[in-house]
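Please have a look at it before I start.

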Amino acid sequence: MVDLNRRQLVSSAVAAALGASVVGSGVASASASEVPETDTPGAPTVRGELKRFANTAFGAEVTGPYVFGDGTLLFSNQHPQENNQGEFRNPGVGYFSGFQFELDGNNDDFEELGIPNTQAKQTRIRSSAGEYTYLGQGRDVVNGGAELLGVAQTPDGTDITLGNFEGTQYGAAATNPDCNQVVDAGEGSEYDGFLYTNWENSPGNVSRIPLTGTDDGEWEADLENAINLANTESLRSLGGTRINCYGDKTPWGTMVSSEENYAHPRVTFTNTVGDIVEEGGEGLTGACQFWNRPNPTEVGSFEWFDEYNDGVYTQGAFALAGVEFLAYYLGAEQVDQDAGGNTLEPIGDVYPNPYRYGYQLEFREQGEDQPPTAIKHYVMGRASWEAPDFQNDNRTVYGCSDGDSKGIYKFVADEDMTTVDPMEIAGTLYAPKITNDAANVAESDARFSPADVDLEVEWIPLGSASNAECEAWIAEYDDVTQEDYLEAHAESQGWRSIANSDNPGKGKGKDNAQEKLQEALDEADREVVENGNRNYITNEEIVEWAEQWEWDGPDGVDEELRRVPFLETRAAAKEIGASIEFNKAEGVDSRDDAGPGEYVYFGISEFNDDLADETGDVRMDRVDGGVVYRAELEADYNVSTLEPVIVGPDFTDGPDAANDALRNIDNVYVMDDGRVLCCEDGFDESNRSYPNDCLYVYDPNPAT
């Protein structure tokens, strides 16, 4: 949900690194896009009807909407502020007691909610009908008293919280509930379903709460038998998970959780790996190159790095927060730390493999008395996944990668994914090439409104593989630690006096050891900026893959390079000219039973930066309030045209001029009757949004 694009200040990264929510951490007043913010025709507009149903509590995002079969609505109250009224200060997931959508295809089943324009309205969850009722709140006692809801644990059962560990964490544990999906409990179960909820932290988590429907239309949660799936052997054996954002329910009825691994960028914004190989990495290098650096968040927010990265913020660095906590989740021994931050002492025993994070995570084979089996679909690509949409051919999946200069992607399996072992699922990964016909036929300086122009999409094959092949490639990087960062990139090895000692000394002796460590780290950082991190896939390998792809196609590359588009998806797609231009692609969904002729909805939270850049493929006027597109499913479940149906405000006349507009779309959820739940993702950002995020219901075919 939460990304820091070019408009964000470095202070936001610092806040995230220290365990605070990035919400409200501050934003700059202007975009880095060369296209100025102008009065864009058609911003805002709606092709259909849009009605506001609810607002969340102050400081919170509306996340994880879900509608039960009886029409009951559920969503998460994510990272609310502590001074909200009553229980609305607590993160958690709840439903609207006493209200059900009629699911008859129109918005006549509720009255529109008023704008949250007073403190009394802003500090609580409000809805036009029904009362928000929690099913579970972050850190509720669950699993017979052995766990806290949403909190991951070390292998010995220690809760991974800022109270138990010093260092940086991506959001305080169990503060960021996100996606919700209710999976049928199965025949003979005492429950009606299991509520799966994502926890958007690092280490990440997915909880499972048994639910029972009552005769009077209410829902009850069994917290005594709820579990955190991060603490199960099935998920721990995969390396765990991080920043679990939105997700989907597959046509075969299982929960899919998306890992929003913002730390995956190799390059910053519009740059390519080829640019670094040709010019060096100053101002170009992205966060993933510092994954195994001691105290990795330092590269995004400290003055010393200006010299090495030409003063440019390292894209994704804020999401390096929590990587060392992820090492403790895997069983690493805690290194010496300072209150509120990591020291430079490297972790040398156990460290997470970056290529194990940033995937679609599915849970199969659930049972009341056993946790489900966790599966990561490596073959669908590695990104900061906000959401997937699994289609009813059981083969096609669309995915949105959240953040600045990111992509929308497609995966097509070779055969029905339910008919083979999950690790044997094989298929082709695609990136988009966008055509803006209006811009192509106009004068070079002409600009068009996103409200008026359809986007044509051609899907470019990046490569073909299977989950098993990808996992074997990933495993080759399992034993890389923070010590390897220094070993590979610093000629001076004086740092070992602290890394190889149980007690590096006190006073001047310790100061001397720290000084040598800092010198080696500075040397390693310079080398990584200039030539890339040699512990992982190299810059040269990505460039070589792209050259072979151009010469011989995706199936003609050398065997050792086939891994590149699956493990470095964004970098590979950018290198071959795909349209990796979307800014905060926040949502994708279609009706559960959708088939050819029906629609997939894509939510783009902000239409600016690369999307408005005159050198890109899209090249349209800015609409900082975002755009919702729909795309018709063709006979083979392909989509080729993105048609704008909701266009947000451009904010040129201030936030009050668009009080009834959808601002900064986040999740989209298509109900069984074809209406679309639209969540906002603004949280009073730079005075561009309501003080509260709201949930709207979009009716594409209102009665006349």
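Let me begin with the aromatic side chains, where the count for this predicted model comes to 32 aromatic pairs. One of them is formed by Phe165 and Phe325, a tilted pair with 5.9 Å from centre to centre and 55° between the planes. Phe165 sits in the loop between β9 (147-148) and β10 (177-184), while Phe325 belongs to helix α6 (residues 323-329), so this pair ties together parts of the chain that are 160 residues apart in sequence. Both partners are buried, Phe165 as well as Phe325.

A second pair to look at is Trp291 with Tyr357, which is stacked, with 6.1 Å from centre to centre and 25° between the planes. This pair, too, links distant parts of the chain, since Trp291 lies in the loop between α4 (273-279) and α5 (304-309) and Tyr357 in the loop between β18 (341-342) and β19 (360-364), 66 residues apart. Trp291 is buried at a relative accessible area of 1%, and Tyr357 is buried with a relative accessible area of 1%.

If you now turn to Phe53, Phe75, Phe96, Phe99, Phe101, Phe110, Tyr132 and Tyr134, you will see that they form one aromatic cluster. Charged side chains also meet rings here: Lys410 lies over the face of Tyr430, 5.0 Å from the ring centre, and Arg630 lies over the face of Tyr599, at 4.0 Å from the ring centre.

How many disulfides does the structure hold? The number is 0. Cys179 is buried, at 0% relative accessibility, and Cys288 counts as buried at 8%.

Let me step back to the whole chain, which has 704 residues, 64% of them buried, and whose secondary structure comes to 14 helices and 32 strands. Among contacts between residues at least 6 apart in sequence, 68% join residues at least 24 apart.

How confident is the prediction? The chain averages a pLDDT of 90, and 89% of the residues score at least 70. Over residues 2-32, however, the pLDDT is below 50, although this stretch has 92 contacts in the model beyond near neighbours in sequence. Where pLDDT is low, the predicted coordinates should not be read in detail.

Just after α12, Gly553 takes a positive phi of about 85°.

I will finish with some backbone details. The peptide bond from Ala43 to Pro44 is cis, with omega near 5°, and another cis bond joins Ser202 and Pro203, where omega is about 5°. Ile243, which is not a glycine, has a positive phi near 50°, and this residue is buried at 0% relative accessibility. Glu365 also has a positive phi, of about 55°, without being a glycine, but Glu365 is exposed, at 58% relative accessibility.

Key: Residues are numbered from 1 along each chain as its sequence is written. This is a predicted model: local features need pLDDT of at least 70, side-chain atom pairs count only at pLDDT 80 or more; totals for chains, interfaces and linings use all residues. Side-chain values use heavy atoms; hydrogens and water are left out. Rings of Phe, Tyr and Trp (its six-membered ring) pair if their centres lie within 6.5 Å; planes under 30 degrees apart count as stacked, over 60 as edge-to-face and the rest as tilted. Helices (H or I, at least four residues) and strands (E, at least two) are DSSP runs, numbered from the N terminus. Buried means under 20% relative accessible area, exposed over 50%, partly exposed in between (1.4 Å probe, protein chains only). A charge sits over a ring if NZ of Lys or CZ of Arg is within 6 Å of the ring centre and within 35 degrees of the ring normal. A disulfide is a pair of cysteine sulfur atoms within 2.5 Å. pLDDT is the predictor's confidence in each residue, from 0 to 100. Contact means heavy atoms within 4.5 Å.
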